[in-house]
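Please take the sequence and the model below together, and follow the text from one part of the fold to the next.

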Amino acid sequence: MLKDKLSPKYVPYVVDGLPTLHGVDGFWETALPMPQTSTLWHSLVALPHPRRGYPNFAEPGEVPVSLENDDGEGDSPDPVMLEAARWLIKNDAEVERAIIDTILSDMPKLRDIQSGIILGDADEPLPESCDEPMVRQMIRLLHLTLHPIKGQLPYFGAELACIWDREHGYGIMFHGTNVVESGGGDIPNLSWIANRHAEGRA
């Protein structure tokens, strides 16, 4: 983890079995060792990193992850999120596979959406068909977001930059490797989506 890329306001938080977290006021960031999923983050074929405030502190083999207590308070992260972080490390290959498979299955829906709107200047039309190698060139993982929502499996979101909507991006909310919701880049960061699913209202 490139600590010089983190906010100077951050305070370190040490927890067993995880890289040191860095944060303040109920929000922390870290870089989890996830070599498979990191290929969506550090890759010669992935889209260039969009910057614009997105994290860039992860090194090759790591994935940037954010943890935020629902109330934005507390001196320590909710234990549910710490368990989710450990689960992500353990299930790295499955997480990478779930992200790619979700994007591939969403392609028909995304093409339909594109056909009904005027594309932005930087957006690119989606091809009629695409495979995994093509998809890897259309996206870049920006970060994973962990949510303090207890379920049978952890809730986490994946936010990605993408060629088809460079302004808003693309995102997925997962319960384990099961998709709760996918679409715009805000979805991974909305804990109410995970909470609604956990309560059986999704």
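Which residue lies over the face of tryptophan 41, and at what distance from the ring centre? Arginine 140 takes that place, at 5.6 Å from the ring centre, where a charge is counted as sitting over a ring if NZ of Lys or CZ of Arg is within 6 Å of the ring centre and within 35 degrees of the ring normal. The model is a predicted one, in which local features need pLDDT of at least 70 and side-chain atom pairs count only at pLDDT 80 or more, while totals for chains, interfaces and linings use all residues. Residues are numbered from 1 along each chain as its sequence is written, and side-chain values use heavy atoms, with hydrogens and water left out.

Strands β6 (residues 155–162) and β7 (residues 170–175) run antiparallel and are joined by 6 bridges, and alanine 158 stands opposite isoleucine 172 in β7.

Within strand β3 (residues 27–33) one finds glutamate 29, which is buried because its relative accessible area is 14% (buried means under 20%, exposed over 50%, and partly exposed in between, with a 1.4 Å probe and protein chains only). Its side chain makes a polar contact of 2.9 Å with the side chain of tyrosine 10, a polar contact being a pair of N or O atoms within 3.5 Å, of which, within protein, one must be able to donate a hydrogen and the other to accept it, while residues adjacent in sequence count only if both atoms are side-chain atoms. Glutamate 96, in helix α2 (residues 92–115), is also buried, with a relative accessible area of 8%, and its side chain makes a polar contact with that of arginine 136 at 2.5 Å.

A search of the whole structure finds 4 aromatic pairs, where rings of Phe, Tyr and Trp (its six-membered ring) pair if their centres lie within 6.5 Å, and planes under 30 degrees apart count as stacked, over 60 as edge-to-face and the rest as tilted. The rings of tyrosine 13 and tryptophan 28 are a tilted pair, because their centres are 6.4 Å apart and their planes stand at 55 degrees. Tyrosine 13 is partly exposed at 23% relative accessible area, whereas tryptophan 28 is buried at 3%. The rings of tryptophan 164 and tyrosine 170, with centres 5.6 Å apart and planes at 75 degrees, are therefore edge-to-face.

How values were computed
Helices (H or I, at least four residues) and strands (E, at least two) are DSSP runs, numbered from the N terminus. Two strands pair if DSSP finds at least two bridges between them.
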